Amino acid sequence: PVLFLLFLLPLAQTPTHTKGSTMMRSRTLLARRVTASSRRLLLSTSSNPYGKVKASAAEALEASGIQDGDKVLVGGFGLCGIPMGCIQALNDTKIKDLTVVSNNCGVDNWGLGILLQSKKIKRMISSYVGENAEFERQYLQGELEVELTPQGTLAERLRAGGAGIPAFFTPTAFGTVIMEGGFPVKYVAGGGEMEIGSEPRESREFNGRGYIMEEAITGQVGLVKAAKADTYGNLYFNGTSRNFNPECATAAKFTIAEVEEIVDVGALKPEDIHLPGVFVNAIVEMNVEKKIERVTNSKPAGAGTETPSKPPSEAATRRERIVRRAALELKHGMNVNLGIGMPTLASNYLPEGVHVMLQSENGLLGMGPYPLPGEEHPDLINAGKETVTTLPGSSIFSSGESFAMIRGSHIDVTVLGALEVAENGDLANWVIPGKMVKGMGGAMDLVSCGSRVVVTMDHCSKKGAPKILDKCSLPLTGKGIVDMIITEMAVFEVDKEIGELVLTEVAEGVSVEEVREKTVAKFRVADDIKPMQSA
């Protein structure tokens with residue numbers, strides 16, 4: 001009956017060309033009655049007019065035709081916006097040897113981490129290992145293939161795949177091991193030696209700037225998470241849970257949307273639909289627990305004022321000195337990205353009257369302070385997976401749009417940490433081969449976009465080894481891209497034209513000679529060197 005009614009819908013627009021034709025007028029009136037009737041039927045909560053609503057995730061997976069060895073695209077960032085119900089259902093099948101494309105792999109016992117535990121994943125294509133110890137262990141022990149990809153490149157490869165674009169050129173990772181190839185994708189069993197290396201990228205120059213070619217990603221099955229769907233599959237995402245979900249949905253041949261609520265067609269306003277239903281093949285309503293990776297709170301007003309606080313540690317004093325200086329690089333009206341860890345603290349010391357828009361690469365511009373206890377929400381996090389809030393003027397978008405902002409040089413300043421910096425501005429901050437693999441995340445995209453790059457770091461490692469070198473010994477994050485280095489001892493500007501460091505400021509109680517003793521890189525002292533500034 002639904003098909004019959006839909007067949008008659010066009011009659012509502014059939015013009016009456018013959019005046020006085022009783023038959024034509026009758027058909028028009030009937031069509032109008034049918035149109036109203038059909039709308040009521042299509043909007044009925046008990047209907048499933050498009051056949052997309054499934055009773056369970058298991059039924060949806062069966063409909064997808066997923067097989068051993070398939071490539072599965074999974075939305076989410078950390079634990080935010082992950083299709084946990086679908087992941088659990090996939091874990092309950094006998095499917096194995098999967099290639100999984102996702103920004104990261106959850107944590108040890110949640111998210112995609114459960115598929116790692118059950119050894120269903122053969123290869124991960126992701127940007128970040130993070131704190132998933134089992135992910136890192138399997139990779140370093142040769143049990144898992146890992147294709148590490150810059151976060152923005154990953155988003156764009158998925159977006160291109162969904163848009164029918166086979167490849168594209170990007171400045172991200174130019175001059176790094178991603179371009180050169182040969183980075184371990186798989187170690188031999190037990191670790192140590194490389195069994196499979198990454199493929200080199202084609203490189204070209206456009207307008208005097210280097211770019212590398214990246215191929216699009218598509219997959220057999222996409223698993224995404226949304227807050228709401230209508231029965232056609234139009235999706236609405238809540239907060240920063242949007243992240244990689246739209247890109248994964250568009251790039252998959254068969255996309256399953258796990259949603260918290262299914263509503264009638266028409267219940268979502270067209271302007272509130274974040275992803276059109278044309279990209280969704282199956283819908284499952286599930287309400288699975290949403291976990292928060294890092295609950296981070298602001299102190300309520302007046303909290304902690306009655307008892308004196310402990311004096312800050314030496315490390316805390318160093319960090320504060322560094323971030324207070326970094327805060328002076330943030331000018332009023334700037335759009336700014338602050339990296340995970342110490343750089344994030346710089347926003348706490350903005351000079352009076354200075355207002356900036358903080359961008360978080362998981363899809364938030366206008367990041368607010370940490371929420372008060374009890375006000376945190378699992379659908380609102382920053383790139384460090386910490387709970388955050390929004391501000392008047394904030395906007396939320398997908399990972400693809402986020403890195404379009406970054407790659408397109410719309411972010412004015414990036415502040416991030418480092419393992420090593422070279423005198424010519426080379427930066428290394430994402431891996432220690434064979435020992436520590438955290439992944440590059442969005443760092444390679446952020447530093448290659450042409451915006452100002454400020455590095456905040458301790459002058460030496462915990463073992464006392466200098467971190468400002470003549471040449472980086474670790475795989476590069478970016479080549480010749482650092483503009484300023486701020487440590488607890490000094491501030492350096494990078495003269496990129498001649499590849500030289502210039503010492504411009506020294507901290508109170510620190511001499512130029514002490515800076516030289518703890519710096520391998522050659523540098524010249526500015527004629528107008530001054531004491532280290534502080535916000």
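These notebook entries record what I looked up in the structure.

**Entry 1. Basis**

I worked from a predicted model, in which local features need pLDDT of at least 70, side-chain atom pairs count only at pLDDT 80 or more, and totals for chains, interfaces and linings use all residues. Residues are numbered from 1 along each chain as its sequence is written, and side-chain values use heavy atoms, with hydrogens and water left out.

**Entry 2. The chain as a whole**

I found 13 helices and 29 strands in the protein chain; these are DSSP runs numbered from the N terminus, helices being H or I of at least four residues and strands E of at least two. I then looked up burial, where buried means under 20% relative accessible area, exposed over 50%, and partly exposed in between, with a 1.4 Å probe and protein chains only. Of the 535 residues in the protein chain, 52% are buried. The chain exposes about 24200 Å², and carbon and sulfur atoms supply 52% of that area; accessible areas come from the Shrake-Rupley method with a 1.4 Å probe, and for residues only the protein chains shown count as cover. For contacts, I took heavy atoms within 4.5 Å. Among contacts with a separation of 6 or more, 70% join residues 24 or more positions apart.

**Entry 3. The sheet of 10 strands**

I traced an open sheet with mixed pairing, in the order S18-S17-S16-S15-S19-S24-S26-S27-S28-S29. Strand S18 (390-396) and strand S29 (523-531) stand at its edges with a single partner strand each, so one side of each has no neighbour in the sheet. From one strand to the next the twist averages 25°. Strands count as paired if DSSP finds at least two bridges between them. Strand S28 (residues 500-506) pairs with S29 in the parallel sense over five bridges, and Leu 501 stands opposite Phe 523 in S29.

**Entry 4. Asn 337**

I located Asn 337 in strand S15 (residues 335-338). Is Asn 337 buried or exposed? Its relative accessibility is 1%, so Asn 337 counts as buried. Leaving aside residues up to four places away in sequence, Asn 337 touches Gln 359, Ser 360, Glu 361, Ile 411, Val 413, Thr 414, Val 415 and Leu 446.

**Entry 5. Helix H10**

I next examined helix H10 (residues 314-327), which lies across strand S24 (452-456), strand S26 (484-486), strand S27 (490-495) and S28, and runs at about 145° to S26. Axes are lines fitted to C-alpha atoms, for helices over the stretch in contact, and angles run from 0 to 180 degrees between N-to-C directions. H10 has 14 residues and reaches 20 Å from its first C-alpha to its last, close to the 20 Å expected at 1.5 Å a residue; the expected span is 1.5 Å times one less than the number of residues. Ile 322, Val 323, Arg 325, Ala 326 and Ala 327 are buried in H10. The cover over the buried residues of H10 includes S24, S26, S27 and S28.

**Entry 6. Strand S11 and its partners**

I noted that strand S11 (residues 219-230) is mostly covered, with 10 of its 12 residues buried. Strand S2 (residues 71-74) pairs with S11 in the parallel sense over three bridges, and Val 72 has Val 221 as its bridge partner in S11. S11 also pairs in the parallel sense with strand S13 (residues 252-263), over 10 bridges; here Ala 226 stands opposite Val 259 in S13. With strand S12 (residues 235-236), S11 pairs in the antiparallel sense over two bridges, and Lys 228 has Tyr 236 in S12 as its bridge partner. The hairpin of S11 and S12 has four residues between the strands, and Gly 233 takes a positive phi near 105° there.
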